[in-house]
Amino acid sequence: MNLLTLTHLSKTFDNGLNALADVSLEEKDGEFLSLVGPSGCGKSTVLRIVAGLLKPDSGRIEFPHGRPEIGFVFQEPTLMPWTSALGNARLPLTLKHVPRAEADARAAKALARVGLAGFEKAYPRELSGGMKMRVSIARALAAEPKLLLMDEPFAALDEFTRQALNDDLIKLAREDAITVIFVTHSVYESAYLSDRVAVMTPRPGHIAADIALAQPAARDAAYRFTPQFADGAARISAALASAMAQAA
Amino acid sequence: MSALKYIVPLALGAAVLALWQVSVRHYAVPAYVLPAPGDIWAAFTANFAQLMAALWVTLRIVALAFVLAAGSAVALAILFSLSRLVEFALYPYAIVLQVTPVISIAPLIIIWVGYDNIESALLIMAWIVAFFPILANTTIGLRSADANLVDLFRLYGASRRQILTRLQLPTALPYLLGALKVSGGLSLIGVIVAEFAAGTGNDTGIGWTLTEASRNLHIATMFAALALLSLAGVAIFFALTWLEWSLLHRWHESAVKRQI
């Protein structure tokens, strides 16, 4: 059952930058899909079109079962510095006029789920990079999204923090049956996280390969050293190399 | 170290005053050229009631001009952020008003409002001087909201009003508070300059006290009035610095003490 269907999307920006050329993609309900490609290949543009923040020049975007509640996580934590972790996590609910007490309770629960119980009153400047990203994820979760769009969210974090957040993300997405589109330029991160990986070519981006991965439900640090993981990473790597070669 | 921060400048001030006092006495400098600190203090105590009344008149106008400038500049900046067309139409004229020296339009304003209405003239001139820094900074601040946050607000269906009150105004706050510190001092300067320009009429502010004392060669009274004006300027600056600190210290980098 498809949650999302993209058909022949193209986008050229006003400054003449041709970002997308004929992108077609579908995603099943509950699927974890990664978009992998070189910098500037239009991955973020796809996310922004799906979120409704950008109109494609041509092509269609369809949600067969109606537009789901959408969450968005950026590469930067993108928090409001003038309010606490709770105030930030509460944002989607505040904007939707959810009563304050209920919004507080739901935001606090979202913070607890990303491991930030007890940090409700902390201001962003008092938090580490990894904790800020957790607040950003809690903010997305607070709105109880069906579809979570993530734009290289862990690219700026150190390896340990990134792996911990990868594990938490898999768990949270499964618990809430959230469909995810995860943009990254890391082959290994996509091989670890995804049920499916769509490999994009350099600009103007289109889908060069669509790779399904058979993932174990439970993944941990040891999984990164299994032949199954290595095989997935190798297939993504090869597809990426071939996509780059086509473009060159 | 922190005690030295206060002791050193105070000790320097005391030393300069002492040297001043001794030199003026030693070289018998006439009081109409340079009065000694003791003479200034005597002039201050002798004219205490009159000086305080004059200061009060001036500061009342300063405060009113400052509040009016802040209110109207923030309102206009919000209007600019809502409509580029309004900004294109009005901003050039705001700049013209800013770059024209206020002293040069003073006679015109005084003629318009009339000599019997001199306080309104002072108010208008201080308002003009204090207005522009607040307008310019708040306009930039309202436009400086993080583009990704704007997208997020749109994704969650925020209204124009929610984007303004929950994103743009908090973003603009540090810019606004910085501008208020500049404009607080400017409104004091504006009133004094306007009092000099008015020169007469029924003005009774501290600017007029200065003019009158200089005409009568009461140099000690001039110094006393100057010292009062400096104190008032410093008080305005500290009050606005305190306001800035109390609103920003929880979250803004400029007001955060570094831990390392």
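In chain A, strand 3 pairs with strand 7 (residues 179-184) in the parallel sense, and five bridges connect the two. The structure is a predicted model. Within this pairing, A:Leu33 has A:Ile181 of strand 7 as its bridge partner. Strand 3 of chain A is also joined to strand 8 (residues 196-200) of chain A, again in parallel, by four bridges. Here A:Leu35 stands opposite A:Ala198 of strand 8. Strand 3 covers residues 32-36 of chain A, and five of its five residues are buried, so the strand is largely enclosed by the rest of the structure. The burial applies to both faces: A:Phe32, A:Ser34 and A:Val36 are buried on one side, and A:Leu33 and A:Leu35 are buried on the other.

Most of helix 6 of chain B is covered, with 19 of its 25 residues buried.

Helix 6 of chain A spans residues 159-175 and contains A:Arg162. The relative accessible area of A:Arg162 is 15%, which lies under the 20% limit, so the residue counts as buried. Its side chain makes a polar contact of 3.4 Å with the side chain of A:Glu189. Apart from residues up to four places away in sequence, A:Arg162 touches A:Phe154, A:Ala155, A:Leu157, A:Ser186 and A:Glu189.

Side chains of opposite charge can pair when their charged atoms come close. Over all chains, the count of salt bridges is 24. One of the salt bridges joins the side chains of A:Glu152 and A:Lys43, with an N to O distance of 4.0 Å. This pair links distant parts of the chain, 109 residues apart: A:Glu152 lies in the loop between strand 6 (147-151) and helix 6 of chain A, whereas A:Lys43 belongs to helix 1 (residues 43-51) of chain A. Both A:Glu152 and A:Lys43 are buried.

A salt bridge between the side chains of A:Asp104 and A:Arg90 has an N to O distance of 2.6 Å. A:Asp104 is in helix 4 (residues 100-113) of chain A, and A:Arg90 is in the loop between helix 2 (85-89) and helix 3 (91-95) of chain A; the two residues are 14 residues apart. A:Asp104 is partly exposed at a relative accessible area of 22%, while A:Arg90 is buried at 12%.

In chain B, the salt bridge between B:Arg84 and B:Glu87 brings their closest N and O atoms to 3.4 Å. Both residues lie in helix 4 (residues 84-99) of chain B, three residues apart, or about one turn of the helix. An α-helix has 3.6 residues a turn, so residues three or four places apart point the same way. B:Arg84 is partly exposed, with a relative accessible area of 45%, whereas B:Glu87 counts as buried at 9% relative accessibility. In chain A, A:Arg113, A:Lys171, A:Glu175 and A:Asp176 are joined into one network by salt bridges that share partners.

Conventions:
Residues are numbered from 1 along each chain as its sequence is written. Chains are lettered from A and ligands numbered from 1 in the order in which they are written. This is a predicted model: local features need pLDDT of at least 70, side-chain atom pairs count only at pLDDT 80 or more; totals for chains, interfaces and linings use all residues. Side-chain values use heavy atoms; hydrogens and water are left out. Buried means under 20% relative accessible area, exposed over 50%, partly exposed in between (1.4 Å probe, protein chains only). A polar contact is a pair of N or O atoms within 3.5 Å; within protein, one must be able to donate a hydrogen and the other to accept it, and residues adjacent in sequence count only if both atoms are side-chain atoms. Contact means heavy atoms within 4.5 Å. Two strands pair if DSSP finds at least two bridges between them.
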